[in-house]
Each structure stands twice: as C-alpha cells, then as structure tokens.
Amino acid sequence: MMDFKELDPVLHSQLRLAIMSVLISVKEAEFTFLKEKTNATAGNLSVQINKLKEVEYIEVVKQFKDNYPQTICKITPKGVAAFENYVNSIQSYLNAGK
Amino acid sequence: MFTDEEKNMSGEESLQLIQSMIGSAREGMAMNGDGFLFWGWALFVSAVASVVLIYTDYASPFLPWNIFMLGCVVVLIVNLVRPKKRGPVKTYMGDLFRNFARGFYICVFIVIFSMNFGSVPTNYAFAFLLMLYGLMMYVMGVSMKLRALIVGAIITWTCCLASLLLVKLLYVMSLTALAVFAGYLIPGYVLRAAWKKQQQSEKVL
C-alpha cells in the first residue's frame, strides 16, 4: 500500500469521501438522499457531515418542510477544489506506482 | 456500509468508491417519459385531426389546435396554482432543463402569437414550431445521451425543411404528425421503458 500522508485527511475517510462524491454529482441533496446513497447510519452520517461543514467543504441548510425538519447539503467551491486536489493526488500516486 | 470510517484506503479503493458513489448519485434521476408522452399524444392527435379536417374540407380545420391551446392554458394554470414538490435531490441537469424549457415555451408563445395576429402565415408558423421542437429534442437528447431523441430531432428538422418547401397545409400537418411521432412518442416510450427497468432493478437491490 502506498503512503497517503499528503492526502487531505478530511477526505481520506470512506464515509466523508462518499458524501463528497455524491455531492459533487448534484447541486444539492437532502440528508435522506445521502443516507440512502451511502447506506450509513443517521448518527454516523450526521457526525461526518458536521466534520465536512466545519472545514467548509459543504454548506448545510436546516429548514422545515411540511412540519418536518429537513437538512440540505451542498458542496462549496472550497470543497470542490479539495475534492479535485484529492482525486489528482490519488491519480498521480497511482501513475507513479505504474 | 461505512462503519469503520477511519479505515485506511488504497488509491484504487478511493477511486472505486468515488466512481461508485457518483454512479449511485445519478441513479434514479432518469426521466419517466410522462411529459413526452402527454405532450406527444396531444400534439399528435391535434395534427392528425387537422389532417382529416383539411382533407374533408371542414370549415374550421384548426379546431383541434384551438382545443389544444385551451388545454395548454388549463395545464399552465394547474402548474402555477399547484404547490411545487421538492425532490430529495437537485441536479445541475434538472436546472438546465427547467431554464431551457422556459426559454423554449417563450419562443413557442412568440411563434403562436405571430400566427394568431397574422404576422406569419400559419403553414410557416407550424414549420417554425417544428424547428423549435427539434431544438428541444436535440438539447435533451444530447444531455441525456438518448439516441432516440437525437434521431427524433433530426427527423423533426427534416420535416421542418420539407414543410417550408411543400408549404401546403395538408402536408405541413402530416409532417407535424410524423415529427411528433418520431420526436415525442418514440423517445417517450423509450424513456418509460428505461425508467421501468431502473425501478425494477432498484427494487431487486
């Protein structure tokens, strides 16, 4: 296995990377959509979303829809740049290993 | 699925995860073809009915189109009044389609307006409408990578050119029916079949 010390530690985690991969493909997504796509538990997903929000990789909007709370997540420009940087780093590691 | 979130991933595992998540995010976003089938049948029936009325020398051969326009007004009012349903996900493609559709309807309105106020003769106006239908089909077909819609667009533009050359209303209406069949109904049924297949595969999973 290669050394991934230079990789963004926030993104180099399965669930956080999965969340970012889903959010990079869409404009915005509800918590329920992310839960369904990642197949994670609500608690774990919530914790990882908060970590991504703290580093400003995603924006989280909490509102009410038909009297039910609704959480909407959206990737930020900083998140897009971090994601692109992460993918480029991995690709360069893989190419270097060939 | 993701219980051990700090598990170290290899480069291949990371890329596989990204690819599978992007693929998964795109699932369930396919169109069910209802819009194409609804408008397709409405336009097709109006065009065929007009052909029959023109052929039989009926006094008001555009009666089907007047009824169609009345239906359009009803649909517009229902859409404006009905509360908008928000899905669990919003895509860039969805936004692009919505904005493009707005522009398309404005163009269609301008052509219909010019036809009703005599600025453009009816047969030419119908040909211009075919040009706009073809544009809509082409943009959506290329965006969704749906060959049936791209072929439909090419057939519709060909019908538009043929209408401009043949001019006679009977031909223009026949070509409109053909264009709508190729560009709305066939892609509509292709989309519906793909959507049903996707729904079934999601149920299995």
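Student: Hi! Which elements does chain A have, and in what order do they run?
Tutor: Hello! Chain A has four helices and three strands. Starting at the N terminus, the order is α-β-α-α-β-β-α. Do keep in mind that the model is predicted.

Student: Thanks. What does the C-alpha trace of chain A span along its principal axes?
Tutor: The trace spans about 55 × 25 × 20 Å.

Student: And how much of chain A is buried?
Tutor: Of its 98 residues, 52% count as buried. The accessible surface of chain A is about 5,200 Å², and carbon and sulfur atoms hold 50% of that.

Student: What about contacts in chain A between residues at least 24 apart in sequence?
Tutor: Take the contacts in chain A between residues at least 6 apart in sequence: 53% of these join residues at least 24 apart.

Student: Let's go to the sheet. What is the strand order?
Tutor: The sheet is open, with four strands in the order 2(A)-3(A)-1(A)-1(B), and the pairing is antiparallel. Strands of a sheet pair through backbone hydrogen bonds.

Student: Which ones are the edge strands?
Tutor: Strand 2 (58-65) of chain A and strand 1 (89-90) of chain B; each pairs on one side only.

Student: How many bridges join strand 2 of chain A to strand 3 of chain A?
Tutor: Eight bridges join them, with strand 3 covering residues 68-75 and the two strands running antiparallel. To find your way on screen, look for Glu59(A), whose bridge partner in strand 3 of chain A is Lys74(A).

Student: Nice. Which helix packs on the sheet there?
Tutor: Helix 3 (residues 42-54) of chain A does, and it touches strand 2 and strand 3 of chain A. The direction of helix 3 makes about 125 degrees with that of strand 2 of chain A.

Student: Switching to chain B: what span should helix 1 have, and what does the model give?
Tutor: Helix 1 of chain B has 16 residues, 11-26, so at 1.5 Å a residue it should span 22 Å. Its end C-alpha atoms are 23 Å apart, which agrees.

Student: Which residues of helix 1 of chain B are buried, and what covers them?
Tutor: The buried ones are Gly11(B), Ser14(B), Leu15(B), Leu17(B), Ile18(B), Met21(B), Ser24(B) and Ala25(B). Their cover includes helix 1 (14-25), helix 2 (31-38) and helix 4 (77-96) of chain A.

Student: OK, aromatics. How many pairs are there over all chains?
Tutor: The count is 14 aromatic pairs. One of them is Phe62(B) with Phe126(B), a stacked pair at 6.2 Å centre to centre and 15 degrees between the planes.

Student: Why does that pair tie together parts apart in sequence?
Tutor: Because Phe62(B) lies in the loop between helix 2 (34-55) and helix 3 (63-81) of chain B, while Phe126(B) is in helix 5 (residues 122-144) of chain B, the pair ties together parts 64 residues apart in sequence.

Student: What about Tyr138(B) and Trp157(B)?
Tutor: Their ring centres are 5.5 Å apart and their planes at 45 degrees, so that pair is tilted. Tyr138(B) is in helix 5 and Trp157(B) in helix 6 (residues 147-166) of chain B, 19 residues apart.

Student: Last one: which residues do ring pairs link into a cluster?
Tutor: Phe38(B), Trp39(B), Phe62(B), Trp65(B), Phe68(B) and Phe126(B).

Notes: Residues are numbered from 1 along each chain as its sequence is written. Chains are lettered from A and ligands numbered from 1 in the order in which they are written. This is a predicted model: local features need pLDDT of at least 70, side-chain atom pairs count only at pLDDT 80 or more; totals for chains, interfaces and linings use all residues. Side-chain values use heavy atoms; hydrogens and water are left out. Two strands pair if DSSP finds at least two bridges between them. Contact means heavy atoms within 4.5 Å. Axes are lines fitted to C-alpha atoms, for helices over the stretch in contact, and angles run from 0 to 180 degrees between N-to-C directions. The expected span of a helix is 1.5 Å times one less than its number of residues. Buried means under 20% relative accessible area, exposed over 50%, partly exposed in between (1.4 Å probe, protein chains only). Rings of Phe, Tyr and Trp (its six-membered ring) pair if their centres lie within 6.5 Å; planes under 30 degrees apart count as stacked, over 60 as edge-to-face and the rest as tilted. Accessible areas come from the Shrake-Rupley method with a 1.4 Å probe; for residues, only the protein chains shown count as cover.
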